[in-house]
Amino acid sequence: MRGRELRGELDAFLTETDQELVAFRRDLHMHPELAFAEYRTTQRIAERLTAAGLVPSVLPRGTGLICDVGSGDGPTVALRADIDALPLHDEKDVPYRSTVPGACHACGHDVHTTILLGTSIFLAQQAAAGLLPGRVRLIFQPAEELPGGALEVMAHGGISGVERIFGLHCDPRVDLGHVGLKPGPITSACDKLAIRVSGPGGHTARPHLTADLVFALAKILTELPAALSRRVDPRSSLSLVWGKVQAGSAANAIPDDGVAEGTVRCLDENAWHAAPDLIKSLLESVAGAYGIDATMEYTRGVPPVVNDEMSVDMLAEAVERALGPGAVVPTQQSLGGEDFAWYLESIPGALARLGTRTPGGVTYDIHQGTFDIDEAAIGMGVRLMAATALTALWEPVVDSVLA
Ligand SMILES: [Zn+2]
Ligand SMILES: [Zn+2]
């Protein structure tokens with residue numbers, strides 16, 4: 001079964017289940033749960049998968065689950081959805097508005113979850129009919145927004161034996177019926193940096209007898225970003241920007257400590273990996289020159305999502321199969337973070353951007369209390385995910401030819 005036949009099967013499936021899926025999404029939307037607290041969401045998914053004849057395995061914390069469809073000797077591909085909501089107030093006036101104060105599905109993860117659920121039911125039917133030439137691992141991941149849910153899934157073997165992984169994210173700037181694709185980096189890294197400096201302190205009349213801590217801190221503030229721009233390939237767009245600086249309390253006293261905090265954003269994976277060591281060595285050399293001590297606390301966020309080229313080709317083929325020609329649109333690398341990146345550090349795969357805007361309608365933004373979608377995007381997403389899994393199973397790539 002290929003191309004047109006698949007589209008016919010998906011049409012029939014969605015005619016039957018579309019209403020149920022929209023109701024499922026609205027139920028999740030009314031009952032959003034924050035990162036690592038998605039107990040009800042997990043139970044609802046598990047119940048529906050079980051009703052479809054599948055055997056879900058809930059992660060040890062009780063939030064998030066993994067479920068395999070199909071068996072046999074074929075390859076295993078994974079489809080991932082994130083299930084958590086954001087700590088935001090729902091500002092919409094709709095019947096399915098959040099009933100939980102301070103929690104809202106403002107990143108569309110209720111949509112991702114519903115799409116993967118619909119895809120799971122479709123694939124379970126395909127498997128029962130003997131039409132699934134391999135295994136599909138369904139990953140309903142908790143806590144994307146924390147982030148950390150992807151690492152939790154991986155720590156429990158979520159991608160062991162998986163050859164390729166796919167995911168999608170709602171894109172409210174893309175019209176319904178279109179899918180944004182891009183090989184290479186598609187999101188960015190964002191880390192946090194905190195520096196603490198200390199010295200003996202003393203009178204501002206005698207900076208030469210102590211260590212002029214405020215002067216040294218000012219040097220650190222300007223020298224680090226400047227040096228990074230000369231030590232790192234400018235194409236990686238590694239940028240260190242300070243957001244908080246504190247030192248001293250009197251005009252005529254050199255303080256004995258101070259702090260500076262900022263963020264490090266980066267478009268390139270290699271530069272992101274090298275950043276902490278490089279910043280530390282630059283910090284030590286500047287601080288050392290002025291006789292002060294400096295310590296650094298570097299908090300990793302997520303790496304950039306780097307889409308594998310072949311996986312993007314598979315997505316493009318799947319879009320054509322499921323949504324017809326002309327549905328693929330180019331998309332830009334965003335400065336946002338997405339923890340799907342952790343999977344792609346281990347196995348190839350790709351993240352697609354699913355158009356959720358009603359053509360000619362309002363352009364919403366994610367992470368806003370007003371965010372909403374055109375619910376016809378749910379069916380589009382099911383078509384895309386189902387076709388992607390089947391495309392990847394029909395055309396397994398022999399990576400070993402490169403070995
Ligand atoms: Zn988000
Ligand atoms: Zn998101």
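Author: Buried means under 20% relative accessible area, exposed over 50%, and partly exposed in between, with a 1.4 Å probe and protein chains only. This is a predicted model, in which local features need pLDDT of at least 70, side-chain atom pairs count only at pLDDT 80 or more, and totals for chains, interfaces and linings use all residues. Residues are numbered from 1 along each chain as its sequence is written, chains are lettered from A and ligands numbered from 1 in the order in which they are written, and side-chain values use heavy atoms, without hydrogens and water.

Reader: Is His109 buried or exposed?

Author: His109 counts as buried, because its relative accessibility is 0%.

Reader: Which atoms coordinate the zinc ion (ligand 2)?

Author: The SG atom of Cys107 and the NE2 atoms of His109 and His169 do, at 2.1 to 2.4 Å. Donors are N, O and S atoms within 2.8 Å of the metal (3.2 Å for Na, K and Ca); water is not among the atoms, so sites may look incomplete. The spacing of the donor residues in sequence is C-x1-H-x59-H.

Reader: What does Cys107 bridge?

Author: Cys107 bridges the zinc ion (ligand 2) and the zinc ion (ligand 1), which lie 3.1 Å apart.

Reader: On another topic, which residues line the largest cavity?

Author: The lining consists of Arg80, Ala81, Asp82, His112, Ile115, Leu116, Leu168 and Met385. A cavity is a set of points on a 1 Å grid over the protein atoms alone where a 1.4 Å probe fits but cannot get out, and lining residues have an atom within 4 Å of a point. Strand 3 (76–82) and helix 3 (109–128) each supply at least two of the lining residues.

Reader: How much space lies in the largest cavity?

Author: About 60 Å³ lies there, where a volume is the space filled by probe spheres set on the grid points, joined across faces, edges and corners.

How values were computed: On a 1 Å grid over the protein atoms alone, a cavity is a set of points where a 1.4 Å probe fits but cannot get out, and a pocket is an open set with protein on both sides within 12 Å along at least five of seven lines; lining residues have an atom within 4 Å of a point. Helices (H or I, at least four residues) and strands (E, at least two) are DSSP runs, numbered from the N terminus.
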